[in-house]
Amino acid sequence: MDRVSRRRIVTLGAAGAAGMALPLAGTAAAEPAKPAAKLFDVTEFGARGDGVTIDTAAINRAVDAAAKHGGTVFFPAGTYASYSVHLKSNVALYLAHNATLLAAAPANGKGYDPAELPGAGNSYQDFGHSHWHNSLIWGENLVNVTIGGPGTIDGKGLVSGGSQESQPLQGNKAIALKLCRNVVVRDVTMVNGGHFCILPTGVDNFRIDNVVIDTNRDGIDIDCCKNVRISNTTVNSPADDAIVLKSSYALGYVRDTENVTIDNCFVSGYDLGTLVDGTYRTAAFGRTGRIKCGTESNGGFKNIAISNVVFEHCRGLAFETVDGGALEDITVSNITMRDVQMPIFFRLGSRMRGPAGIPVGTLRRVSIANVIAHNSDPRYPSAIAGIPGHRIEDVRISNVRHHMVGGLTMNGIPENPPEVENAYPEPSMFGPLPAFGFFLRHVDGVTLDNVEVRYEQQDLRPAFALRDVVDADFHHVKADKAPGTPTFVLDDVSDFRVTTSRPVADTQLDQTGHSEL
């Protein structure tokens, strides 16, 4: 059989096995209209696919050919052990059913491409954020790239942190892209992704669709990117964040992350590997696996929409700007959470890891609606926390069922937790909080409408604790109440209103140094 005939059979067979047409190289259409015009089978370039032979050179020859002629690099069934694969513009990688691209462990003096020399922004974030070439798949200054499934990308040979990841020959990311445009990742399964499964930095018009990730560190980090769509995607990341938006100084200058939608996704903190194997094992509270803006926040986060997301056995939503960026114009809706730690976390801080002279950032205009959080960690209720002189502004929370495990008292919990203004932001940063529902501090303009705050076991903390809050409006709020325990504790609060709520009667306070309701 000649090579042309073989390619025709492989093309049609792969499309039939996947139940879909093969992806067109360099397109961002939801589904291509026809198979790719040119298919470059890695086995025809010398790849063995036996899981032992290092197929890096053969894969990169196929990529070069596809870049020259335009087309798709095709991985038939097999396990392709490899070091760094060099993406090129106008190329698609397609992993067929039972095809695995395996990150090999460095050996015999061979391994991943060297990390770039230190650049202008490398000192302001962790090593993993600031280098791209030491990855299983990487590309820089590219356009029109697709990475598609239904095969698997296994980062088994990647390192996930510590000093080892900066050592020669080591790789620490599954997919890393810098300053690219028009990129699609879809339909693949990714496991053991190293420090980051997917790290795009300065990438515009980027789409992730129908991807399954089960990894030991971050799942997806969107850094300094514009026009991003993440949909129909599952990320299990027990030891770090699942889907996180960042705006670091890794490019050597400030660049916002903006115009991002995250919808129809699932994030979790099951034991590593137990999502893809279907056993879904869990341990106690303390897993990560959340959706977050931050921590790297030299630039801003603007125009972000998050909807239809399920959280399971992980942390909740986190909105953090601590390095000077503006986090604003965020909307969240239709969220369900079970067994989470701190369902909703806002933090405006002053870590200021970046060039000197940048002022503290802003966090404002955020709306959250239609949320159910059940069986949440009682130590860490939802928190909205600015710092002295820098308030979080204009937050709207509505139609929320906020159910905690409960069972705690105020014994040993300070009424005014430490400010820790320059600390790394985490739900546990203040210790257990002096409320079982919401803790608000340094906030200007907050509305809770139709919010229900409950506990499973009687809790002797107030439902709401407010400190240094201006313009707080609680409407149609319901809260559990232990005998002798106030529902609201207010310190240095002005322009406060409660209406049509239970168990507190309608109340309006223009100013109070301390009140309990």
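Guide: One definition to begin: a residue counts as buried when its relative accessible area is under 20%. Also, this is a predicted model.

Visitor: OK. What share of the 517 residues is buried?
Guide: 59% of them count as buried.

Visitor: And how many helices and strands are there?
Guide: The chain has 2 helices and 34 strands.

Visitor: What radius of gyration does the chain have, and what would a compact globule have?
Guide: The chain has 25 Å. A compact globule of 517 residues would be near 24 Å, so the two agree.

Visitor: What box do the C-alpha atoms fill?
Guide: Roughly 85 × 45 × 40 Å, along the principal axes.

Visitor: Contacts next. Of those between residues at least 6 apart in sequence, what percentage joins residues at least 24 apart?
Guide: 70% of them do.

Visitor: How many positive and negative side chains?
Guide: There are 46 positive and 56 negative ones. The centres of the two sets lie 7 Å apart.

Visitor: Which strands does β15 pair with?
Guide: One partner is β12, residues 181-186, joined to β15 by 5 bridges. Another is β18, residues 226-231, also over 5 bridges.

Visitor: Parallel or antiparallel?
Guide: β12 and β15 run parallel. β15 and β18 pair in the parallel sense too.

Visitor: Which residues face each other there?
Guide: Arg-181 has Asp-204 of β15 as its bridge partner. On the β18 side, Asp-209 stands opposite Ser-231.

Visitor: Switching to the backbone. Where are there cis peptide bonds?
Guide: One runs from Gly-294 to Thr-295, with omega near 10°. Thr-295 sits in strand β22, residues 291-297. Another joins Arg-502 and Pro-503, where omega is about 10°.

Visitor: Where is Pro-503 found?
Guide: In the loop between β33 (488-499) and β34 (507-516).

Visitor: Which residues other than glycine have a positive phi?
Guide: Asn-90 is one of them, with phi near 60°. Asn-450 also has phi near 60°.

Visitor: Where do Asn-90 and Asn-450 lie?
Guide: Asn-90 is in the loop between β5 (85-86) and β6 (91-95). Asn-450 lies within a strand, β30, residues 438-457.

Visitor: Why does Asn-450 count as partly exposed?
Guide: Because its relative accessibility is 33%. The partly exposed class runs between the buried limit of 20% and the exposed limit of 50%. Asn-90, at 36%, is partly exposed as well.

Visitor: Last one: Ser-367. Where does it lie?
Guide: Ser-367 is in strand β27, residues 362-376. With a relative accessible area of 34%, Ser-367 is partly exposed.

Visitor: What does Ser-367 touch, leaving out residues up to four places away in sequence?
Guide: Ile-330, Thr-331, Val-332 and Arg-396.

Visitor: And how many Å separate the C-alpha atoms of Ser-367 and Asp-256?
Guide: They are separated by 20 Å, and the two residues are 111 apart along the chain.

Terms used: Residues are numbered from 1 along each chain as its sequence is written. This is a predicted model: local features need pLDDT of at least 70, side-chain atom pairs count only at pLDDT 80 or more; totals for chains, interfaces and linings use all residues. Side-chain values use heavy atoms; hydrogens and water are left out. Helices (H or I, at least four residues) and strands (E, at least two) are DSSP runs, numbered from the N terminus. The radius of gyration is taken over C-alpha atoms; the globule rule is 2.2 Å times the number of residues to the power 0.38. Buried means under 20% relative accessible area, exposed over 50%, partly exposed in between (1.4 Å probe, protein chains only). Contact means heavy atoms within 4.5 Å. Lys and Arg count as positive and Asp and Glu as negative; His and the chain ends are not counted. The place of a charge is taken as NZ of Lys, CZ of Arg, CG of Asp or CD of Glu. Two strands pair if DSSP finds at least two bridges between them.
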